[in-house]
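I set out to record what I looked up in this structure.

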Amino acid sequence: MKFYQAQNDMAQNYINGQWVDSNKRIDIENPATGEVFANIAHASESDVDKAVQAARECHLSRALVKVPPSERGRMVRKMGEYLLQNKQEIAHLLTLESGKPLWESLIEVASSARYFEYYGAQADTMEGRSVPLGDGYYDFTHYEPYGVSAMIIPWNYPLEMTARSLSAALTTGNACVVKTPELDPLTNCYLALAAEYAGFPAGAVNLICGYGHDTGAALANHPLINQLVFTGSVATGVSVATAAAQNIVPCVLELGGKSAAIAYEDADLDNLVESVRWGVLFGAGQTCSAMSRLIVHQAIYDEVVEKIATMMQNITVGAGVDDKDMGPMISEKQRNRAENMCIKAEQQGAQAAFGGRRLNRDGWFLPPTLYHNVTPDMELAQQEVFGPVLAVMKFTTEDEALAISNGTDYGLVAGVFTRDIDRAMRAAQRIEAGQIFINEWFAGGIETPFGGYKKSGYGREKGREALLNYVQTKNIAVRISSVR
Ligand code: NAD
């Protein structure tokens, strides 16, 4: 029986292959209307413990490593196939709980499936190496799963962020406990159904939902987890990393960003504006790698501001189910926070070329928003808005542009728009960020390693690199006795 068809108020935690209810529930609202349309069981500390114990049992039984890697990879790929088979239904639910337009939800389901395809295909490629110790010895390294992998997931791409970590962790043979985001946890339930469909044993995938300060903290601090992947804000990342340090478990932190594109005077402007549209409006700007700053050469500054304002005027905004270009923000709190940052920027001298105030309708809508005459010291140029808000700044020299680009605490991604390859590559060398896009924001995909410099985090998700987060190296040294 499909989860969503079963009734939304059946939404429960998934522990050791069973749906587990709770007497406390969390309301889930539709961001397009502000109305509660579902609720989900709130995992208690004891539920968190049961989920971790189930994963540990699964790990200790060796159920996941007994399966040959090629077969485990096939199972991981089947999870992706399950998502694709149920794509429309999952996308519809994702749209209701997150507010994103249906077209965006369909992209998210397809991307989530692609993670399972990509990593599943690599299950039997995790080869160790042979270490030369000289005559009389053989020595080799071997990758083993950590055991219990704990994942704490944000609300902005709830299905995809879980798929990203879960696919790599299962591929490498870890048993997983996922803390789903309390604002939009429902589509994550399909991942439990996908694991069952693929034939994973009970305990391999466990899902728990709750708030961060209780359920999330209980998972991060649990003494029996062996590895921790956190995707979310810097402030929470600090407390999660502290918990990991206290338990001496490795931790990956995928945190926020304040990513900048530099547009030189020879940039292809139509291409630039298209990248701005994706970069700051996809997900209503609630994307860690959003293009939230644009640093424009003074020779093209006025033209660029005008072109982006025109593009924004033509963006349709509406409820996710109406499938417009852009949907609402996730919650009233996030929308109000973004709007307040806009008001403050104006008080500091920034000028709105478009947007900046909530829409006069139900739901948590902020229109596409463009501020120019922003200076690098303003809050709007330093802090993550996490909304559809672009801050535009002017530069004259290359050094100045690079200094502005590097001038925040973050270092997630960055972009350069120019036809001059030398200039682009100089920037790529000097920008302090984990990923550089040249002439297309979001260029690359699941294959490209992704993660932060500076306060944007450490460790990498996506790409081949991510698999190494989920394994530990064992070295085996063999002494060969001489022939008697
Ligand atoms: P958040 O830090 O508030 O919450 C993220 C998750 O952590 C949620 O599941 C939450 O319940 C949990 N949590 C909160 N407090 C906790 C605690 N004390 N202990 C354990 N868990 C706790 O972040 P958010 O608002 O959900 O997400 C937005 C942030 O995530 C933005 O800063 C964004 O840039 C970042 N993000 C980063 C990436 C990336 O890959 N780098 C991807 C998506 C989002």
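I counted the secondary structure, and the protein chain has 17 helices and 21 strands (DSSP runs numbered from the N terminus: helices H or I of at least four residues, strands E of at least two). The radius of gyration is 23 Å, close to the 23 Å that the globule rule gives for 484 residues, so the chain is as compact as a globular protein of that length (C-alpha atoms; the rule is 2.2 Å times the number of residues to the power 0.38).

I noted that this is a predicted model, in which local features need pLDDT of at least 70, side-chain atom pairs count only at pLDDT 80 or more, and totals for chains, interfaces and linings use all residues. Residues are numbered from 1 along each chain as its sequence is written, and side-chain values use heavy atoms, without hydrogens and water.

I checked burial next: 57% of the 484 residues count as buried (under 20% relative accessible area, with exposed over 50%, for a 1.4 Å probe and protein chains only).

I then looked up helix 16, residues 421-430, where Arg 423, Ala 424 and Ala 427 are buried. These residues lie on the same side of helix 16, because they cover an arc of only 100° around the axis (directions from the helix axis to the C-beta atoms). Ile 421, Asp 422 and Gln 429 are exposed on the other side.

What covers the buried residues of helix 16? The cover includes helix 15 (398-406), strand 17 (413-417) and strand 18 (435-438) (contact: heavy atoms within 4.5 Å).
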